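Hi everyone, thanks for making time.

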Amino acid sequence: LLKINSPSFQLIAGKKMIEEGDAFSANKVFAKIPYIHKYKAEALLYSGVGLVLLQKEKEADKVFFECAVVAEDLSRKENQPLSRRYFQILEDRCNINRARVQYQIGQYQNAIEHYQQIDKRSFLWPYTLSEKAWSFIKHGDTNRALGLAVTYKAPLLESYFTPESELIMALAYKEKCLWKDAELVIQNFYKKVK
């Protein structure tokens, strides 16, 4: 794949290198894709993942930011609805990864802000609620964490299997010294999971 000078093949080769654990070489391949190409945003996303694997979180954060900007720009220029949606999902994924990096380096308020950039209409939004709740717990705001965990009980989200939300609720109740509520949530957790 590397012998063919094509952004499509470079993206595929870079992804394969990430899968095989060679993030350093993958990032070199991703860098060859020009900024005007439609695969640049996805290449930046995987490049950021590669940097996280190399434990270069601050560099990864910059790449994920760049990825979100490029994806937003490509989405705005796109006329086809499906292509526009593709770039919006890439932008969301870049923002989610920025939030994860911020959480990893202990910048919980920044992580929360990045999670809040995910549109509630995005299909990725429900999957980020528990991650955002953990950020609130680490930030010391158990009320918000509890609110996010309870969101999974809404009719639109009740089909999601989210045992982690029960754990977050129990922990939030424990932090507030609401022992009976915490005990009820724990019992409910065991009933659901078993």
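Let's begin with Arg76 and Asp73, whose side chains meet in a salt bridge, at 3.3 Å from N to O. Keep in mind as we go that this is a predicted model. Both residues belong to helix H4, and they sit 3 residues apart, about one turn of the helix. As for Asp73, it is partly exposed, with a relative accessible area of 27%. Arg76 is exposed, and its relative accessible area is 58%.

Now, Arg76 has another partner. Which residue is it? It is Glu72: Arg76 forms a salt bridge with Glu72 too, and the closest N and O atoms there are 4.0 Å apart. If you trace helix H4, which covers residues 57-77, you'll find Arg76 and Glu72 4 residues apart, so about one helical turn separates them. Glu72 counts as partly exposed, at 38% relative accessibility.

Glu72, Asp73, Arg76 and Lys77 are linked in a network of salt bridges. Why can such pairs form at all? Side chains of opposite charge can pair when their charged atoms come close.

How many salt bridges does a search of the whole structure find? The search finds 11. Let me show you one more of them, between Arg100 and Glu131, where the closest N and O atoms are 2.8 Å apart.

Finally, please move along to helix H8, residues 142-151. Which of its residues are buried? They are Thr142, Ala145, Leu146, Leu148 and Ala149. Around the helix axis these residues cover an arc of only 165 degrees, which means that they are on the same side of H8. And what covers them? The cover over the buried residues of H8 includes helix H7, residues 125-139, and helix H9, residues 163-175.

Terms used:
Residues numbered from 1 in each chain as written. Predicted model: local features only at pLDDT ≥ 70, side-chain atom pairs only at ≥ 80, totals over all residues. Heavy atoms only, no water. Buried < 20%, exposed > 50% of the residue type's maximum accessible area, 1.4 Å probe, protein only. Helix = DSSP H or I, 4+ residues; strand = E, 2+ residues; numbered from the N terminus. Arc of directions from axis to C-beta. Contact = heavy atoms within 4.5 Å.
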